[in-house]
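Welcome! Let's take a walk through a protein model together, stopping at a few spots along the way.

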Amino acid sequence: MKKQTVPIQGMHCRSCEILLEDGIKDIPGIRAVNVSHTKGTAEISYKGHLDINKVQAVVDECGYSCGV
């Protein structure tokens with residue numbers, strides 16, 4: 001299983017983390033997601049290929065932005 005850390009801006013509480021985790025884990029191939037508002041990251045474990053555009057779309061839909 002592969003892992004990738006994606007920086008996310010705009011989170012401020014546990015509810016933000018849960019919203020993003022629920023959305024990201026529905027992307028095909030994603031095995032686990034750990035979002036931290038204190039670190040400003042989503043640690044994504046996946047099998048195969050991670051479609052970062054789909055991750056970005058979920059982040060955008062939830063009202064946050066990817067990147068530092």
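## A glutamate in a helix

Our first stop is E21, which has its place in helix α1. This is a predicted model, so every value here is computed rather than taken from an experiment. Is E21 buried or exposed? Its relative accessibility is 13%, and because the cut-off for buried is under 20%, E21 counts as buried.

Which residues does E21 touch, once those up to four places away in sequence are set aside? They are R14, V33, N34 and V35. With V35 there is a polar detail to look for: a polar atom of the E21 side chain lies 2.9 Å from the backbone nitrogen of V35.

## The nonpolar core

Next, turn to the largest nonpolar core, which has 18 residues. Inside this core, the residues with the most contacts are I8, L20, I24 and I44. Several elements take part: β1 (2–9), α1 (14–24), β2 (30–36), β3 (41–46) and α2 (52–61) each supply at least two residues of the core.

Leaving out residues up to four places away in sequence, I24 touches I30, V33, A42, I44, V55 and V58. One of these, I44, is itself among the core residues with the most contacts.

## The cysteines

How many disulfides does the model have? The count comes to zero. A disulfide is a covalent bond between the sulfur atoms of two cysteines.

Take C13 as an example. Its nearest cysteine sulfur is that of C16, 3.7 Å away.

C62 is in no disulfide either. For C62, the nearest cysteine sulfur is again that of C16, at 9.5 Å. At 22% relative accessibility, C62 also counts as partly exposed.

## A glycine after the last stop

Finally, where is G67 found? Look in the segment after β4 (65–66). G67 has 22% relative accessibility, which means that it counts as partly exposed.

Setting aside neighbours within four places in sequence, G67 is in contact with P7, I8 and Q9. You have met I8 already, as one of the core residues with the most contacts.

Note on methods. Residues numbered from 1 in each chain as written. Predicted model: local features only at pLDDT ≥ 70, side-chain atom pairs only at ≥ 80, totals over all residues. Heavy atoms only, no water. Core = buried A, V, L, I, M, F, W, Y, C linked by side-chain atoms within 4.5 Å. Buried < 20%, exposed > 50% of the residue type's maximum accessible area, 1.4 Å probe, protein only. Helix = DSSP H or I, 4+ residues; strand = E, 2+ residues; numbered from the N terminus. Contact = heavy atoms within 4.5 Å. Polar contact = N/O pair within 3.5 Å; in protein donor to acceptor, adjacent residues only side chain to side chain. Disulfide = S-S within 2.5 Å.
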